[in-house]
Amino acid sequence: MNIYFAPLEGITGYSYRNAHHRLFTGIDRYYTPFVAPNYTHHFKGKEKADVAPENNTDLPLVPQILSNRAEDFLWAAGELYDLGYREINLNLGCPMPTVVRKKRGAGQLADLDALDRFLEEICEGMDSQYGLRDTTDAVSDRWAAASGAEISSNPDIAGSADEKGREKEQGSLRFSVKTRIGVEDASRAADLLRIYNRYPVCELTVHPRTQKDMYKNTPDLEVFGMFLEGCVHQVVYNGDICSMEDLLALRERFPQVDTVMIGRGLITNPALARELQGGEKLCKRELRSFHDALYEAAVQTLPGTVPILGRMKELWFYMGANFRNADRCLKEIRKSRNLVQYQAAVRTLFVECEL
Ligand SMILES: Cc1cc2nc3c(=O)[nH]c(=O)nc-3n(C[C@H](O)[C@H](O)[C@H](O)COP(=O)(O)O)c2cc1C
């Protein structure tokens, strides 16, 4: 079973990913929270730091782009390629009203013709620039024929080309998509799938909720099954995997699923991937070390008490669930107004409450 760490904007930035990767095993790939390029073609400071290779030296990382303008997407993909990334993920799932109003993220699922044109433009752009590598022969051949690209696996031919040409011939960039299944409902899910099937997508991660669901209701496994049956690409499942029982139930219904992406389950229990691979359960000592690493990073990188406490309290919203009979201690953490109070409340939680 491959396990990917889902992107969570505001939580899984580079400090979090590095601390997690240093202390816990079991993750095959991390994804960055989205970068959202606009017409200015500059990354914001925070985005730049998050994708900077020197901040991500030791972990398998896929950067994610949120955009509905091909020109901006291609600019960002080019920047990320130049930084050394060889897979780019497109966010077609963000349900936040501020994003959806601008017809981005899950908002792009409202107009499938526009989405189709956007995918056509970005795939053509990436293919002509870098050569899009696809794992699905059927789409590769069709795409190569349609786009006029030559795909050769002959190393002699590849060896005689200059470096850019060689990369392009072999296909040096992978393009993956993370999607929801609709906006108001999933009535256009089959049409959406037909669109994805036309493009050289190396992996399609499906979070089977609609935009309107936000994070409520339960993932629609009927529709996920339809994607799994009909998709010509590798499909990754995402949504509400928080325990071994959740994973076993998914595998029982869909034995062919071999990759899951997990978000909130891992933020709650950072050892979840290890546990799902048959490893040790989370222990208090390592949770304390992880917390301390995240706290240190927050103090180093955030500008002042309010954002530091905001970041840490958001983490406790999830991590608090690991402790038994911890309501009073968790309330003290939530009530803390400065770093001294915060540290004292955390100390009490770790001393008084068991996992
Ligand atoms: C606070 C928060 C931030 C998120 N940020 C992103 C993001 O930047 N990009 C993205 O594709 N999904 C984002 N997501 C969605 C998650 O990656 C994931 O798809 C979702 O939480 C469902 O998976 P889970 O049930 O395993 O958490 C975010 C979710 C949350 C709760």
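Select Lys103 to begin, which sits in the loop between α4 (97-100) and α5 (112-130), where helices (H or I, at least four residues) and strands (E, at least two) are DSSP runs numbered from the N terminus. This is a predicted model, in which local features need pLDDT of at least 70, side-chain atom pairs count only at pLDDT 80 or more, and totals for chains, interfaces and linings use all residues. Residues are numbered from 1 along each chain as its sequence is written.

Although Lys103 is not a glycine, its phi is positive, at about 60 degrees. Most residues other than glycine have a negative phi. Lys103 counts as partly exposed because it has 16 C-beta neighbours inside 10 Å (20 or more other C-beta atoms within 10 Å make a residue buried, 12 or fewer exposed, and anything in between partly exposed, with C-beta atoms placed from the backbone).

Asn325 is not a glycine either, yet has a positive phi of about 50 degrees. With 9 other C-beta atoms within 10 Å, Asn325 is exposed.

Now select strand β1 (residues 2-5) together with strand β10 (residues 259-262), which pair in the parallel sense over 4 bridges; two strands pair if DSSP finds at least two bridges between them. Here Tyr4 has Met261 of β10 as its bridge partner.

Finally, show helix α1 (residues 14-23), which makes a right-handed β-α-β unit with β1 and β2; right-handed means that, with the strands pointing away from the viewer, the path from the first strand over the helix to the second runs clockwise.
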